[in-house]
Amino acid sequence: MQVALSINARDAVAARDLALRAPRIIGPNGMIHVDVHDTSFQGVLVPKGMQTEVHLMVRDWEMRLVPWFEAGAFRAVIPVDYMDVENVRRSREIAAQYGASIMPSFSYADTTTDFSPYAGFSAFQILAVPAGKSGQRFDMRAIEKIKTLRAVFPDAILEVDGGMTPVTAARAKDAGADTLVSSSCIWGAESPHEAYEKFARI
């Protein structure tokens, strides 16, 4: 699986420290996933040379797109609860100006049955934990959401975020996920690089 290393930091100092450590774990061209939520740092962080996506779990996400895209983020992940027809249109136009993209994010508890508003998207995220801190337990309802999205969007990239362990990552892959996002299981390992490689081999 493709693996994105999550930076979920309380402030800019902690975020920069993790960003400096990341290339030794995932390589100089690896994929970084930066979490922005109410209790995280609120700045912009795109490590040089790294593929960086930002997960904007904040209601003012539209105001933050341009600074992140200008800094080089290739994708913004946005909760579908914060999206409507008009801001989806605007956000996709903004992303296109920077050669970037928007990835709608569905919660494990989301009950959407009409996916027609998302027909133009080529990638989706399934968040398997409540938004916020890292180190939470994977909610198995996310497996059904992955299966549903895979059935509706057979050619889309599906990313699963939250509660990743080798066991939950394997179950997510079997359900149809292509990419996983991990934070604590990699950063907290005795050898973060080995933990990353173990995920990549799933």
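## Strands β3 and β4

His-55 has Val-77 of β4 as its bridge partner. Strand β3 (residues 51–56) and strand β4 (residues 75–79) pair in the parallel sense over three bridges. Pairing requires at least two DSSP bridges between two strands. Strands are DSSP runs (E, at least two residues) and helices likewise (H or I, at least four), numbered from the N terminus.

This is a predicted model, where local features need pLDDT of at least 70, side-chain atom pairs count only at pLDDT 80 or more, and totals for chains, interfaces and linings use all residues. Residues are numbered from 1 along each chain as its sequence is written, and side-chain values use heavy atoms, with hydrogens and water left out.

## The barrel

Eight strands form a closed barrel, β1-β2-β3-β4-β5-β6-β7-β8, with parallel pairing. Neighbouring strands are turned by 25 degrees against each other on average, direction ignored. Helix α4 (residues 141–152) packs on the sheet. Helix α4 touches β5 (101–107), β6 (123–127) and β7, and its direction makes about 165 degrees with that of β6. Contact means heavy atoms within 4.5 Å. Angles run from 0 to 180 degrees between N-to-C directions, with axes fitted to C-alpha atoms, for helices over the stretch in contact.

## Glu-159

Glu-159 lies in strand β7 (residues 157–161). Its relative accessibility is 0%, so Glu-159 counts as buried (under 20% relative accessible area, 1.4 Å probe, protein chains only). Among the residues Glu-159 touches, not counting those up to four places away in sequence, are His-33, Glu-53, Arg-75 and Val-77.

Note on methods. Buried means under 20% relative accessible area, exposed over 50%, partly exposed in between (1.4 Å probe, protein chains only).
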